[in-house]
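Subject: Structure handover and notes

Hello,

Here is the structure you will be taking over. Please look through it first; my notes on what was found in it follow below.

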Amino acid sequence: MVGCGYLGAVHAASMAELGHEVVGIDVDGSKIAALNEARAPF
């Protein structure tokens, strides 16, 4: 998933819930850090 903001994070979580392997990519390290800590990046 390119972009882990409002739309990307929700879409990635939905796809993961359906059993897909998801990789998130974003230029904002704080968004990735929040996701790694199981926090919403918004």
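S14 is found in helix α1. Helices here are DSSP runs of H or I with at least four residues, strands are DSSP runs of E with at least two, and both are numbered from the N terminus. Before going on, please note that this is a predicted model, in which local features need pLDDT of at least 70 and side-chain atom pairs count only at pLDDT 80 or more, while totals for chains, interfaces and linings use all residues. Residues are numbered from 1 along each chain as its sequence is written, and side-chain values use heavy atoms, with hydrogens and water left out.

S14 counts as partly exposed, at 38% relative accessibility. Buried stands for under 20% relative accessible area, exposed for over 50%, and partly exposed for what lies in between, with a 1.4 Å probe and protein chains only. A polar atom of the S14 side chain lies 3.0 Å from the backbone oxygen of V10. V10 also lies in helix α1 and counts as partly exposed, at 44% relative accessibility.

S14 and I32 are 18 residues apart along the chain, and their C-alpha atoms are separated by 17 Å. V10 and K31 are 21 residues apart in sequence and 13 Å apart in space, C-alpha to C-alpha. Between A40 and S14, which are 26 residues apart along the chain, the C-alpha separation is 13 Å.

**The chain as a whole**

The chain has 2 helices and 0 strands. Its C-alpha trace spans about 25 × 20 × 15 Å along the principal axes. Of the 42 residues in the chain, 17% are buried.

The UniProt record, an unreviewed entry, places the feature "domain: UDP-glucose/GDP-mannose dehydrogenase N-terminal" at residues 2-41. UniProt positions are given in the numbering used here, feature names are shortened, and annotations may be inferred rather than shown by experiment. In the model, the span of residues 2-41 is 50% helix and 0% strand, and its end C-alpha atoms lie 14 Å apart.

**The aromatic pair and the nonpolar patch**

A search of the whole structure finds 1 aromatic pair. Y6 and F42 form this pair, which is tilted, with 4.9 Å centre to centre and 35° between the planes. Y6 lies in helix α1 (residues 6-17) and F42 in the segment after α2 (29-36), so the pair ties together parts that are 36 residues apart in sequence. As for the terms, rings of Phe, Tyr and Trp (its six-membered ring) pair if their centres lie within 6.5 Å; planes under 30 degrees apart count as stacked, over 60 as edge-to-face and the rest as tilted.

Y6 counts as exposed, at 61% relative accessibility, and F42 as partly exposed, at 48%. Y6, L7, V10 and F42 form a nonpolar patch on the surface, with about 500 Å² of accessible area together. Patches are made of residues with over 30% relative accessible area and no salt bridge; like charges are joined within 9 Å, and nonpolar side chains (Val, Leu, Ile, Met, Phe, Trp, Tyr) within 5 Å. Accessible areas come from the Shrake-Rupley method with a 1.4 Å probe, and for residues only the protein chains shown count as cover.

**The segment after α2**

Which side chains meet in a salt bridge? Those of R39 and E37 do, at 3.0 Å, N to O. The structure holds 1 salt bridge, the term standing for a side-chain nitrogen of Lys or Arg within 4 Å of a carboxyl oxygen of Asp or Glu. Side chains of opposite charge can pair when their charged atoms come close. R39 lies in the segment after α2 and counts as partly exposed, at 46% relative accessibility. E37 counts as exposed, at 51% relative accessibility.

A38 is found in the segment after α2. A38 has a positive phi of about 60° although it is not a glycine. Is A38 buried or exposed? A38 counts as exposed, at 74% relative accessibility.

A40 also has its place in the segment after α2. A40 is partly exposed, with a relative accessible area of 47%.

Regards

Technical notes:
A polar contact is a pair of N or O atoms within 3.5 Å; within protein, one must be able to donate a hydrogen and the other to accept it, and residues adjacent in sequence count only if both atoms are side-chain atoms.
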